[in-house]
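Have the chain open beside you as you read.

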Amino acid sequence: RFDTWLSSHLKLPPSSLLSYSGNYTDDAKSWRLVDITRLTSKYQHDRADKRICTSLLKTKTCSLERALRRTQRFQKWLRAKRLTPDLVQGLSSPMLRCPSQRLLDRIVRRYAEVPDAGSIYMDHLTDRDKLRLLYTLAVNSHPILLQIFPDVEGWPFPRYLGSCGRLVVSASTRPLRDFFGAAPEVAADLALQLLAVLRSMATNDLNYFFYFTHVDAGTFGVFSNGHLFIRDASTLGIIDKEEAGSQLMDGQQEYKDIFSCLTVDCQSAFVSCDSIREKHSLVMVCQDLLPKLLAGKFPPPVQERIEAFLQRCAHGLGDSRGAGEAMAELAEILKPLRSCDSRFAYRYPDCRYSDKY
């Protein structure tokens, strides 16, 4: 149920927005706020449909399902018992640029759109299930990431509630851009949470290294309790530190087909997996987000220290500095600047009784 729709005075078609707010229920009694988000823009959507029909069937319109079923890639998926790196070769999703077998097994085992079989084999997926999974991975891996790294296990993502076609429904949030004008103590708290998310993405119990290929003011969001998380996971790449030696790495990008071109230009260059460093995401956040969040918020001596750090960070930190050391340095500046009160419900009243805060 939509709470708000586009205001009529804007004279914009509904396709102009990528996200809508609404209410969702699964028991008809309790309602929760949700975001309904498009996985592609209307322009990308229309262009992809046209590309499928003209390149596969040489017609202007066609049955997309029938056309995609005929492809060589999907025929390989139909014969496969297990999702292997060669089956996702050349897909544009950053998550699949350096795929390990361990990561692909996790996708199959936790794919939420089919009954849970707890198996790494695809026997419990129908032909249509396989096409839906392949299509989602080709268009936008965001809903898959929310399923395989759920919030209930401590991952910094919103709760996944379902997806259909090019729409995904997840728990409601406010984008970080809404907080660029926030009070100093709120800005300091969000910046510290941002650093903690980056740290957990680089070092976690499962030994996956997550990195961003792009960040902007909508990449991160904030729950009503003040807790920050990753709102848009579509630009997250994953390197499996446990199986790094067995990953196909960059050679797997040479193969391209219609599934490689559904949301990007077929000629787009890929970021080399070997070129990703630990500080990759931190540098992007220092360039694009932290200056807007922390600008002009604090007394001159503290503000000068913050700005000096952000300038060094935005230029790559220098070769001698690791991301962990850099984040610790900024955290030490910011920790005394946050407060402990009910605005920060995610850690209040715990902060009153803990040295950690």
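K58 is exposed, with a relative accessible area of 68%; exposed here means over 50%, buried means under 20%, and partly exposed is in between, using a 1.4 Å probe and protein chains only. You'll find K58 in the loop between α1 (42-57) and α2 (64-69). Helices (H or I, at least four residues) and strands (E, at least two) are DSSP runs, numbered from the N terminus. Most residues other than glycine have a negative phi, and most peptide bonds are trans.

A28 is another one to look at, with a positive phi near 65 degrees in a residue other than glycine. A28 belongs to the loop between β1 (19-24) and β2 (32-38), and it is exposed, at a relative accessible area of 64%.

## What you're looking at

This is a predicted model, where local features need pLDDT of at least 70 and side-chain atom pairs count only at pLDDT 80 or more, while totals for chains, interfaces and linings use all residues. Residues are numbered from 1 along each chain as its sequence is written, and side-chain values use heavy atoms, with hydrogens and water left out.

## Three disulfides

How many disulfides are there? The count comes to 3, taking a disulfide as a pair of cysteine sulfur atoms within 2.5 Å. A disulfide is a covalent bond between the sulfur atoms of two cysteines.

Start with C53 and C62, which are joined with an S to S distance of 2.2 Å. The torsion about their S-S bond is about -85 degrees, so this disulfide is left-handed. C53 is buried at 2% relative accessible area, whereas C62 is partly exposed at 25%.

Next comes the link from C286 to C313, with S to S at 2.0 Å. This pair connects distant parts of the chain: C286 sits in helix α8 (residues 280-288) and C313 in helix α10 (residues 300-314), 27 residues apart. With 85 degrees about the S-S bond, the link of C286 and C313 is right-handed. C286 is buried, with a relative accessible area of 1%, and C313 is buried too, at 0%.

## The segment after α11

The disulfide between C340 and C351 has its sulfurs 2.0 Å apart. C340 and C351 each lie in the segment after α11, so the pair ties together parts that are 11 residues apart in sequence. The torsion about this S-S bond is about 80 degrees, so the disulfide is right-handed. C340 is partly exposed at 26%, while C351 is buried at 6%.

P349 is also placed in the segment after α11 (323-334). The peptide bond from Y348 to P349 is cis, with omega near 10 degrees.

Q287 is partly exposed, at 42% relative accessibility. A polar atom of the Q287 side chain lies 2.9 Å from the backbone oxygen of A314. Q287 and R312 are 25 residues apart in sequence, yet their C-alpha atoms are 9.9 Å apart in space.

## Rings and charges

Now for the aromatics: the structure holds 8 aromatic pairs. Rings of Phe, Tyr and Trp (its six-membered ring) pair if their centres lie within 6.5 Å; planes under 30 degrees apart count as stacked, over 60 as edge-to-face and the rest as tilted. One of these pairs is F149 with F210, which is edge-to-face at 5.2 Å centre to centre and 75 degrees between the planes. F149 lies in the loop between α6 (142-148) and β3 (160-164) and F210 in strand β6 (residues 208-212), so the pair ties together parts that are 61 residues apart in sequence. F149 is buried at 0% relative accessibility, and F210 is buried at 3%.

The charged end of R347 sits over the ring of F344, 4.6 Å from its centre.

Technical notes: A charge sits over a ring if NZ of Lys or CZ of Arg is within 6 Å of the ring centre and within 35 degrees of the ring normal. A polar contact is a pair of N or O atoms within 3.5 Å; within protein, one must be able to donate a hydrogen and the other to accept it, and residues adjacent in sequence count only if both atoms are side-chain atoms.
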